[in-house]
Amino acid sequence: MILNLKNVRKRYEGGESVVEAVRGVTLSLAAGDFVALMGPSGCGKSTLLHLCGAMDRPSEGELSIEGTEIRRLSDDQLTALRRQRLGFVFQFFNLLPTLTVRENIELPLLLSGAAAGESARRAGELAERVGLGHRQGHYPQQLSGGEMQRAAIARAIIHRPALLIADEPTGNLDSGNGEKVLELLKELNRDPGLTILMATHSNETAAIASRLVRMRDGLIESEG
Amino acid sequence: MKLFSKLFHQFILRHLVRERMRSIATIIGIALGIAVVLAIQMTNASSLRGFEKAIETVSGRTSLEVVGTGLGLDEGVVTSLGWLRSYGQVAPIIEGEAEARAADGRRETLRVLGVDILKDRSFREYNLLEFGAAEPTPQEFLELLIDPKAVVITEKFARRWGLKTGDEIELTFADRATRYRIRGLLLDEGPARAVDGNFALMDIAAAQWALGRLGRLDRLDVLLGDRKSLDQAEEEIRRRLPPGLKVQRPARRGAQVEKMLEAFHFNLAALSYIALLVGLFLIYNTVSISVITRREEIGTLRAVGVTRGRILGLFLAEAAGLAVIGCGLGLGLARGLSYGAVRLTATTVQSLYIATAATPEPLGMRQVLLAFGIGLPLALLAAALPALEAARVAPMAAMRGHDRLASRYRLKPILLLGPLVLFGLAWWMAGQPPVQGLPLFAYGSAVSIVFGAALLAPAVLYGLGRIGDRVLFKLFRVEGRLANANLAGSIPRLSISVAALAVSLSMMVAIAVMIGSFRETVIYWVGQTLQADLYLRPATRNNVATDAPFSPEVEQIVAGHPEVAAVDRFRNFDLAYADGLVTIGTGEFQTLLNYGSLQFKEPAEPEAGREAMRRAIGQEAVVVSESFALKFAKQRGDAVTLDTPRGSVVFRIAAIYYDYSSDRGILVMDRGTFNRYWGEPQATSLTVYLRDGADPDRVRDQLLARFGDQYRVFVFTNKTLREEVLRIFDSTFSITYALEVIAIFVAILGVASTLLTLILERRRELSILRLVGADYRQVRKMVLIEAGMIGAVSQAIGLLIGLLLSLLLIYVINVQSFGWTIQFHLPTGFLIQSSILILIATVLAGLYPARAASRLPATEQMAEE
Amino acid sequence: MKRLLAATILILIGLSLTPAQSDPWQRALPPFKFDFARDHSSHPDYKIEWWYYTGNLQTADGRRFGYQLTFFRVGIDFQPANPSRWAVRDLYTAHFAVSDLDRDNFRHAERMNRAGVGWAGADEKSYRVWNEDWEARHDPEGHHLLRASDATMAIELDLAPGKAPVIQGENGVSQKGDAPGNASHYYSLTRMPTRGTIIIDGQPIEVTGESWMDHEFGTSFLEPGQIGWDWLSIQLEDGTDLMLYQFRRADGKTDPHSNGMLVGTRGETSRLTSDQFTLTPLEFWDSPTSRARYPITWKIEIPGRGVVMTARAAIRDQELQTNESTRVTYWEGAITLEGSHRGRGYLEMTGYAGAAMGAFNN
């Protein structure tokens with residue numbers, strides 16, 4: 001199993017009120033799964049994504065990534081886990097504006113201490129792969145939205161993560177660019193068989209996934 | 001108005017509270033800047049006010065005074081001035097300084113006034129503790145003073161020293177230590193108020209004897225009857241006085257001393273403004289950051305209908321608020337700083353100029369007005385640019401992310417024009433002559449260079465961003481790359497901080513180079529000039545306020561020592577010359593030629609200089625110091641007209657020599673020449689040449705043993721005098737360094753505050769970094785690298801500009817204000833050390849922002865969306 | 001015998017200022033032979049010395065004036081250790097007063113100086129004594145030239161010697177007490193024809209008249225138990241001059257040292273002892289400033305000579321207050337005499353304003 005959740009709960013304590021965003025979710029993703037996570041705003045979808053992305057620890061329940069139970073990991077270990085095994089794609093692309101496309105893409109590898117030559121070469125390959133071979137030296141603000149999102153995807157997978165977490169990857173794109181991004185994700189799911197957990201509002205987007213999980217009020221409503 | 005104050009409260013105040021670190025840093029910056037300016041102003045005022053107040057309180061009701069030329073009045077001449085009484089009352093005065101010494105070694109300088117109390121009562125008020133409210137009659141007063149060892153001191157001083165009437169006190173006049181009997185205590189009125197109670201009253205006969213000035217008076221005070229107007233009387237008296245005597249108003253002496261200290265004070269004040277300038281950079285910085293980071297909010301305000309004028313007002317009000325708090329705090333700080341500054345400048349002022357009271361002027365309305373009068377308008381000026389920018393923000397900006405991605409800086413070549421114009425202006429101004437003896441243009445030039453450098457900061461940062469990646473990536477791997485990218489992305493914001501830091505660093509570099517060069521020059525000069533084996537001076541210093549000649553007995557002891565080969569008896573005193581004072585010195589030219597050596601500027605050839613000096617012996621000729629020649633634009637061979645007791649006399653300049661002991665201008669003449677006009681001089685310093693093989697230290701000890709307790713003489717060997725010269729030199733510049741350190745501290749504060757702002761502004765990027773796997777160590781490292789880079793860039797600009805400024809200081813400002821030739825010398829060691837220190841300091845300044853950055857949670861990004 | 005005011009003033013100065021040391025001053029010891037004009041000049045070996053001029057003058061049209069000009073010298077430090085010219089060896093005081101008798105106006109001024117650079121002094125060789133621009137000196141003919149001025153008054157007078165000097169006491173010594181040396185050398189010029197100018201408020205007025213001069217020098221003058229005295233110098237119209245004085249003692253009795261002298265027209269003298277005359281106060285004046293009560297009219301009786309006269313102050317207020325120097329307050333002024341003989345003169349009264357005699361009594 002790449003990802004395994006068993007009865008996961010997440011509570012946020014803000015002064016007097018306690019909000020339980022996730023109220024006992026059990027879910028598992030096998031290698032090569034492409035799961036779409038849907039649900040209305042406030043259903044706990046984002047919180048679940050945080051937990052799966054090892055940005056946060058569950059309040060209760062078990063959550064393991066590639067068999068590693070994250071509740072027992074320190075902040076540093078979580079950071080290392082993210083750096084090595086996880087990739088992220090967001091609605092607002094979230095490239096660093098001060099770095100070029102290639103520099104953005106190779107960042108995770110460099111942060112993990114990879115050799116400069118190796119990371120640059122691999123970043124180049126990936127840029128080609130996502131169709132940005134000719135724009136490697138450009139800065140994010142010189143790119144279109146779709147290009148930026150493709151660069152972000154390249155960055156998310158450069159270190160060959162076990163799991164890609166995508167949060168509304170097409171939410172800020174026009175339909176043409178959106179489709180291209182989805183195409184890319186689908187392709188990556190096929191080769192090299194990347195496991196993807198993608199949150200989305202849109203049924204169309206969700207349609208490309210192999211599995212669909214619906215959430216409501218912190219619980220999984222349906223799975224299929 | 002109500003809306004405005006509401007907006008100010010909600011929009012500005014709350015923001016300042018939220019960004020409290022930055023607000024505090026800004027306020028501290030302003031406070032320090034203002035405090036330094038005030039402290040220096042108060043310190044300058046204290047040395048001058050101390051002197052002027054002493055003149056004022058001591059001169060009492062005196063309307064006019066008759067003075068001599070330099071060495072006071074010959075009593076013989078006074079006898080012929082009986083006609084003066086037809087203008088009013090006339091009182092003879094002799095004045096000087098004595099050093100009081102307590103059993104525990106405590107020493108303080110007392111201002112001693114010798115009066116004929118029978119004549120003096122109409123001029124000055126003396127209220128004695130013993131007499132209560134009733135003033136003693138002149139005769140009763142005379143009873144107290146008539147003994148040659150009687151002295152009346154102030155109650156204030158007595159209280160401080162635990163003395164009472166009837167006690168003895170040891171006073172040293174020049175080289176003579178004598179025990180005096182305290183015959184009365186003056187209440188804190190009249191002259192007793194002078195110099196903070198360090199005042200002693202003596203009978204004129206006793207004072208004349210004590211000061212070793214028999215036959216001489218300092219002046220005749222004249223209290224006019226109401227028959228004539230002051231101007232008319234002054235004019236009539238001027239016409240009737242014999243040559244060698246002058247009539248003047250008492251304030252004239254203060255004006256002369258003010259003139260003398262002017263250059264020193266002006267330069268100190270100019271320095272003090274650096275800290276303020278840096279403080280103002282901080283205001284500019286803070287307001288612009290608050291404008292830049294809050295474009296959206298400004299846009300929202302504009303969208304809901306707040307006018308441009310109001311937006312402008314809001315941001316100006318922010319600056320004003322910060323400035324007011326800063327100025328207020330600065331006032332409080334100034335008092336403390338001024339004590340430090342007085343201590344730091346006291347040695348200089350005392351050893352080079354005058355003895356002064358050791359307390360700064362108290363904080364008064366004047367300082368409050370000065371603080372707010374300078375601080376507030378300048379702060380508003382500094383904030384005007386960013387505030388105008390805020391007013392131009394369009395309502396559109398309210399839309400989120402509107403211009404977020406447009407933040408990457410592009411260098412517009414047009415921006416290089418500003419620095420070029422300023423540097424050109426600086427070049428032109430450096431070539432202009434001084435204005436009324438003050439290097440105003442030169443300071444204008446310095447300011448142009450500084451602003452030019454400040455405007456250059458964005459370009460330098462831009463250039464650095466282009467080449468920095470390679471270097472930093474090599475040095476620091478990915479964190480280096482990120483840091484460089486961050487800096488390159490924040491050029492508009494950073495360049496202000498970098499400019500501020502670079503400006504203060506350049507000043508430090510400039511001053512360090514100037515002082516280093518000066519010091520080397522002085523060391524060389526001392527080595528060339530100080531050839532004698534021993535130097536003697538009386539324990540109390542000869543200066544403007546007191547004449548301190550040697551006792552004949554001391555001179556006999558010295559001359560009679562078997563190992564002494566020759567003694568040059570040197571006499572110097574101050575003479576009014578062209579609005580100010582110059583120093584007249586006299587010694588034996590022949591002795592100097594035989595044993596000593598002067599460094600001649602004109603004629604430059606040493607043998608020619610000596611020949612010129614030899615030919616000056618017995619002639620109406622003087623050898624003048626370089627500062628005299630420069631100050632009064634005199635060349636070799638020019639004529640100088642001096643007031644002598646025998647009227648105006650024209651002297652020819654035989655040679656010009658290098659001198660770094662005084663910026664006042666020195667004219668030296670041979671003893672024979674001097675004798676013709678001023679009479680046989682009493683020596684104020686002795687230069688002693690020993691026979692071959694004599695041990696200076698041993699001779700020194702033997703002389704001191706002969707002097708015993710009765711004579712207090714400072715005997716320097718050649719070696720100790722060199723040390724003493726450098727000690728005075730170094731203490732002169734300690735204030736300079738102190739001011740600089742404060743300015744740099746303020747600038748580093750600015751760096752920290754900017755970094756912190758950048759961190760907060762970059763939360764989003766930082767959380768992306770955390771998400772893609774950067775751990776907090778990497779984030780911290782990145783921020784520290786950024787801080788270090790800021791320091792390095794600033795120091796680099798500072799070094800470059802500093803070297804430019806040092807050239808200006810050495811070759812223009814210094815020459816114009818003090819008249820000294822300084823050989824350029826690069827204090828490499830100091831510059832390297834200080835560069836490393838600055839780097840460390842900026843990295844340390846990055847610690848807090850780095851910690852703040854590394855603590856941002858990785859989820860920040862998602863939670864925000 | 002003496003003008004005691006001078007003694008008081010000088011003793012007051014001397015007492016407080018003289019350093020405590022063995023007394024180097026010369027004492028007045030017999031015999032002493034006066035040598036004129038030398039002895040008009042200063043005698044710096046003696047501690048105390050004064051020159052005292054008073055006179056009654058009038059203009060051609062009869063406007064009357066009185067004047068007083070006194071120079072005092074008191075030795076402070078016989079040989080000052082301090083070589084400065086300002087060291088105080090002697091202290092010089094001077095009093096100057098003009099009585100504008102017909103206008104009932106009295107003005108006075110004082111001066112006190114050290115010699116310094118010659119601002120005050122008394123020459124030894126020739127007769128000249130001065131205090132700033134006040135001066136008394138001999139001209140080549142032996143006339144006394146007096147000059148003094150203040151803000152509102154001035155005199156410039158030429159005094160002929162008149163009668164020969166009257167030497168007081170015996171053997172040239174005027175004994176003051178029982179101890180030898182407690183004495184002085186003292187002479188008077190009792191009738192000096194005077195002419196010159198008085199300037200009042202800038203207005204010069206030509207005057208003539210007669211002056212009286214005393215000059216005394218010595219070292220020790222102490223006489224305990226006396227609280228004051230009354231002293232009269234009188235120039236009678238018949239050409240006779242008369243001096244009378246009495247001590248007033250603390251016990252209210254008249255001191256036996258009270259004395260008098262008559263000088264005939266040719267300068268012949270005869271002494272009057274205290275039992276040969278009486279002085280009786282008739283009328284008093286209260287000084288509004290000092291609150292002293294001065295007898296300003298006296299009945300003078302010399303039974304053996306058929307003299308019964310009334311001496312009346314020409315104007316009431318002729319009181320001097322010397323606030324700047326010794327703070328001695330006394331009355332010294334012009335008088336007129338009527339009765340058996342007529343004449344003019346000067347009256348000096350001290351010890352009426354409390355403080356003055358304090359020092360003298362201890």
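This is a predicted model: local features need pLDDT of at least 70, side-chain atom pairs count only at pLDDT 80 or more; totals for chains, interfaces and linings use all residues.
How many bridges join S9(A) to S10(A), and do these strands run parallel or antiparallel? S9(A) and S10(A) run antiparallel and are joined by 4 bridges.

In chain A, 6 strands form an open sheet with mixed pairing, and their order is S6-S7-S8-S3-S9-S10. The edges are strand S6 (86-89) and strand S10 (219-223) of chain A, each of which pairs on one side only. Neighbouring strands of this sheet are turned against each other by 20 degrees on average, with direction ignored.

Strand S3 of chain A, residues 34-38, pairs in the parallel sense with strand S8 of chain A, residues 195-200, over 5 bridges, and here Leu37(A) has Ala199(A) in S8(A) as its bridge partner. S3(A) also pairs in the parallel sense with strand S9 of chain A, residues 211-216, over 4 bridges, and within S9(A) it is Leu212(A) that stands opposite Ala36(A).

## The hairpin of S9(A) and S10(A)

In the antiparallel pair of S9(A) and S10(A), Met215(A) stands opposite Ile220(A) in S10(A). The two strands form a hairpin with 2 residues between them, in which Asp217(A) takes a positive phi near 50 degrees.

## Chain B as a whole

Chain B contains 27 helices and 21 strands, and its C-alpha atoms fill a box of roughly 100 × 65 × 50 Å along the principal axes. Of its 865 residues, 54% count as buried. Among the contacts in chain B with a separation of 6 or more, 85% are between residues 24 or more positions apart.

## Where chain B touches chain A

On the side of chain B that touches chain A, 24 residues of chain B are in contact with 27 residues of chain A. H14, helix H23 (763-771) and helix H27 (860-864) of chain B each supply at least two residues of this side, and the largest share, 7 residues, comes from H14(B). By class, the residues that chain B gives to this side divide into 11 nonpolar, 7 polar and 6 charged.

From H3(A) the contact is made by Glu103(A), Leu107(A), Leu110(A) and Leu111(A), and from H14(B) by Arg477(B), Val478(B) and Arg481(B). The residues of this contact comprise 4 nonpolar, no polar and 3 charged.

## Where chain B touches chain C

Chain B is also in contact with chain C, with 19 residues of chain B and 24 residues of chain C taking part. The elements of chain B that give two or more residues to this side are helix H3 (75-78), helix H5 (138-145) and helix H7 (204-210), and the largest share, 5 residues, comes from H7(B). The side of chain B that touches chain C has 11 nonpolar, 4 polar and 4 charged residues.

Conventions. Residues are numbered from 1 along each chain as its sequence is written. Chains are lettered from A and ligands numbered from 1 in the order in which they are written. Two residues are in contact if their C-beta atoms, placed from the backbone, lie within 7 Å. Ala, Val, Leu, Ile, Met, Phe, Trp, Tyr, Cys and Pro count as nonpolar, Asp, Glu, Lys and Arg as charged, and the others, Gly among them, as polar. Two strands pair if DSSP finds at least two bridges between them. Axes are lines fitted to C-alpha atoms, for helices over the stretch in contact, and angles run from 0 to 180 degrees between N-to-C directions. A residue is buried if 20 or more other C-beta atoms lie within 10 Å of its own, exposed if 12 or fewer, and partly exposed in between; C-beta atoms are placed from the backbone.
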